[in-house]
Amino acid sequence: MTRKKRVSKGNWSTDSHSIFGDKGQIFRVAQSGDVWQFRMWIADEGKAVRKSLRTRDFEAAVARAETEVLEILSNLSTGKKLFGATLQELVDLFLEWRKKDVAANLITQGRYVVIKSQTKHFLNFKPSHIKLNELDRNSFYEYEVWRRSSDGGEAQPVTIRNEQATLNQMYKYAFREGYTSFDKFSFREIRISRDQIGRRSIFTLEEYDQLIQFMRTYVSKKACPNDAEWKERLIMRDCVLLASNTVLRPGELWQLEWRDILDTMTIKDAKGLDIQLVKIRVRAEISKVGSERIIISRGGQYIERLKRNSQYIEPNHFVIASVNGTRRMDRRKLDKHWKNMMIGINVPDYSERKLVWYSLRHFGITCRIRAGVKYSDIASMAGTSVTNIETHYGHYDDQMKISSAIKTYDIDENGIITSI
């Protein structure tokens, strides 16, 4: 059977008109009859927007085309991609949006850093250049499996759950901005036991004692003849001691300014010994939970020592600052000194054990539990809830009860129970 020869109906017609100074055109072609079409070239994306204006009336076509041009220019000015943004572009836009939340004190800088770190995992799981319109609700379904693998970093369930929450928050943002047709991904159900939530990576009492002893050598002039390095080590020593005594989150401690140190004082304890305390204001903008709290803790001597060793102590200068400036101590230096200290106390597997700066907060909280401090008082000081203390640290309280239960006792001649 002979195929019928295709007859071209033509393409561009001479009946075309420019609008908005050649930013767009309206035209008619043979195959569309008398219906006007719209076309606009998008240079940044190397493509043209083309659509029917659904009218045969010239004036109506011009009005509709002008509306299209204005809408396209508006979208382009806000960074929208008309032909589909990539995952990398969405991440960049999302982080810019969240950075505004930092400026508005809706989230802390520390929280922003966590979110930024989480997005790196998203881009490792899916190619950064993949178009959002190529993704569907199930595109991240196996994210947990990947994050648990060696390629994905062998992350813990709680970490993965938090990352998935951020991923869906990012996609809700994408949906609101018109980049995608759905607002969240579907994930495997993550089962997290109470033990997985509660177990925290902390130092043993012996390891903390070793850390204290090692720091005495670490900050000696003999061990560190370089003056700048020595001063940096002095700051790190007091940073460690403040973290474990104040139970501040690392992000809160590193963002403290001298105006937040409200007072230092010396009092007598029950045995008549001098105890040096410090009164600290944790501003809402640096608190993870976004509310201000005032704490009083041991460690007044460490604050006084930092003040003597710091060159810049104006109210708006950081307490944990670089040696030769007013900027916060660089994170790479914090990590370097942490590594030195962990190796120094013979804990080379500190990364595998998840022993990090945050572990000092955990250690401080467990010490207060061991000392019999009420959970409500610990929660108030730590800036968290009683439920959180019970859930995350309750097993240490159980250990104390077991220790008490197995103690041997005797009864003296007066009928008084005495431990032996």
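I began with Glu154, which lies in the loop between helix 4 (143-148) and helix 5; helices here are DSSP runs of H or I with at least four residues, numbered from the N terminus. The model is a predicted one, in which local features need pLDDT of at least 70 and side-chain atom pairs count only at pLDDT 80 or more, while totals for chains, interfaces and linings use all residues. Residues are numbered from 1 along each chain as its sequence is written, and side-chain values use heavy atoms, with hydrogens and water left out.

Phi of Glu154 is near 50°, a positive value in a residue other than glycine. I noted this because most residues other than glycine have a negative phi. With a relative accessible area of 48%, Glu154 is partly exposed, where buried means under 20%, exposed means over 50% and partly exposed is in between, using a 1.4 Å probe and protein chains only.

I then turned to Asn346, whose phi is near 60°, also a positive value in a residue that is not glycine. Asn346 has its place in the loop between helix 11 (331-344) and helix 12 (358-370), and it counts as exposed because its relative accessibility is 64%.

Next I looked up salt bridges, for which a side-chain nitrogen of Lys or Arg must be within 4 Å of a carboxyl oxygen of Asp or Glu. How many salt bridges does a search of the whole structure find? The search finds 26.

In helix 2 (residues 87-103), Glu96 and Lys99 are separated by about one helical turn because they are three residues apart. Their salt bridge has its closest N and O atoms 3.6 Å apart. Glu96 is partly exposed at 44%, and Lys99 is partly exposed at 40%.

Arg98 and Asp101 also both lie in helix 2, three residues apart, which is about one turn of the helix. The closest N and O atoms of their salt bridge are 2.7 Å apart. Are Arg98 and Asp101 buried or exposed? I found Arg98 buried, and Asp101 buried as well.

Arg237 and Asp238 meet through their side chains in a salt bridge of 3.5 Å, N to O, and both Arg237 and Asp238 are buried. Salt bridges that share partners also join Glu257, Arg259, Asp260, Arg281, Arg283 and Glu285 into one network.

For cysteines, I searched for disulfides, each defined as a pair of cysteine sulfur atoms within 2.5 Å, and the search of the whole structure finds zero.

His392 is buried because its relative accessible area is 11%. The C-alpha atoms of His392 and His362 are separated by 9.3 Å, and the two residues are 30 apart along the chain.

Notes:
Helix = DSSP H or I, 4+ residues; strand = E, 2+ residues; numbered from the N terminus.
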